[in-house]
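Here is a friendly note to go with your first look at this structure. The points below can be read in order, with the model open beside them.

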Amino acid sequence: MSITETDFIHRFEPGADATRPPLLLLHGTGADENDLIPFGRLVAPGATLLSPRGKVLENGMPRFFRRLAEGVFDEEDLRRRTDELAAFIRESQARHGLAAPVVLGFSNGANIAASLLLRHPGLLRGAALLRAMVPFRDPPRARLEGTEVLLLSGTADPIVPAANSASLARILQDAGAAVAHHALPLGHGLSQMDVALTRDWLAAL
Ligand code: MLT
């Protein structure tokens, strides 16, 4: 097999339930393609799972794009990595005959998922963004009518200020997405509340 720019180390798990959209799992900093598989199985039993590993290494920790400091992104790298990930998604859809996926991203994975929504409208059926931030200082204008977004933020999150997640919700809403934003009494880590809300939101898609 030839190695192209769009190849990612990844896990692909075909699902038994063809009525469910495939779930694209995007992990947080320091995790890998295995990290969100149990979460994916819990929230979308029977769905096909596609889980790539971020290609950028920060002190040995995989990420999906470079950052200059915590919460300060290298936006040029983010644009390039977002487009590379979009190409991987399209190739995977063609290879496996997949419908438009729903993305489930956590932290760094949620941030590139927000970037995917804004740079590649129509590619994703929907997005569950867990502890996401505004990805660009000057976000591209996108038309996202018909795209469903679940935004789960933590009111005690030391990485994502409340105003930042509120502003991401507004950007996506202004672009036409149907956004459900829950500010949970949590920090940056995931909890049973995230599992329950994501499962219910996916079931209602
Ligand atoms: C990021 O760099 O995407 C955010 O700071 C979240 C993180 O990965 O810690």
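1. Glu84 belongs to helix H2 (residues 75-96), while Lys55 sits in the loop between strand E3 (49-52) and strand E4 (56-58), so the pair ties together parts that are 29 residues apart in sequence. Lys55 itself is partly exposed, its relative accessible area being 32%. Helices (H or I, at least four residues) and strands (E, at least two) are DSSP runs, numbered from the N terminus.

2. A word on the basis of these values. The model is predicted, so please keep in mind that local features need pLDDT of at least 70 and side-chain atom pairs count only at pLDDT 80 or more, whereas totals for chains, interfaces and linings use all residues. Residues are numbered from 1 along each chain as its sequence is written, and side-chain values use heavy atoms, with hydrogens and water left out.

3. How many salt bridges are there by this rule? The count comes to 16. One of them joins Glu91 and Arg95, with N and O 3.8 Å apart. Both residues lie in helix H2, 4 residues apart, which is about one turn of the helix. Glu91 is partly exposed at 32% relative accessible area, and Arg95 is partly exposed too, at 47%. Salt bridges that share partners also build one network, made up of Lys55, Arg66, Asp77, Arg80, Arg81 and Glu84.

4. Now to the ligand. Which residues are around the ligand? They are Thr29, Arg63, Phe65, Arg67, Gly71, Phe73, Ser107, Asn108, Asn111 and Ile159, where a residue is near a molecule if one of its heavy atoms lies within 4 Å of it. This shell divides into 3 nonpolar, 5 polar and 2 charged residues. In that division, Ala, Val, Leu, Ile, Met, Phe, Trp, Tyr, Cys and Pro count as nonpolar, Asp, Glu, Lys and Arg as charged, and the others, Gly among them, as polar.

5. Look next at the oxygen atoms of the ligand. A polar side-chain atom of Thr29 is 2.5 Å from one such oxygen, and a polar side-chain atom of Asn108 is 2.9 Å from a ligand oxygen. Gly71 takes part through a backbone N or O atom, 3.5 Å from an oxygen of the ligand. The ligand taken alone exposes 260 Å², of which the protein buries 95%; accessible areas come from the Shrake-Rupley method with a 1.4 Å probe.

6. Arg67 forms a salt bridge with Glu58, with the closest N and O atoms 2.8 Å apart, and Arg67 is partly exposed at 25% relative accessible area. Ser107 has a positive phi of about 55 degrees although it is not a glycine. Ser107 lies in the loop between strand E8 (102-106) and helix H3 (108-119) and is buried, at 13% relative accessibility. Beyond its neighbours within four places in sequence, Ser107 is in contact (heavy atoms within 4.5 Å) with Gly28, Leu130, Arg131 and His188.

7. Asn59 also has a positive phi, of about 50 degrees, without being a glycine. Is Asn59 buried or exposed? With 75% relative accessibility, Asn59 counts as exposed. Its place is in the loop between E4 and strand E5 (61-63).

8. Finally, please visit Leu23, in strand E2 (residues 23-26). Leu23 counts as buried, at 2% relative accessibility. Not counting residues up to four places away in sequence, Leu23 touches Gly40, Val43, Ala44, Thr48, Leu49, Leu50, Val102, Leu104 and Leu202. Between Leu23 and Val43, 20 residues apart in sequence, the C-alpha to C-alpha distance is 9.9 Å.

Notes:
Polar contact = N/O pair within 3.5 Å; in protein donor to acceptor, adjacent residues only side chain to side chain. Buried < 20%, exposed > 50% of the residue type's maximum accessible area, 1.4 Å probe, protein only. Salt bridge = Lys/Arg side-chain N within 4 Å of Asp/Glu carboxyl O.
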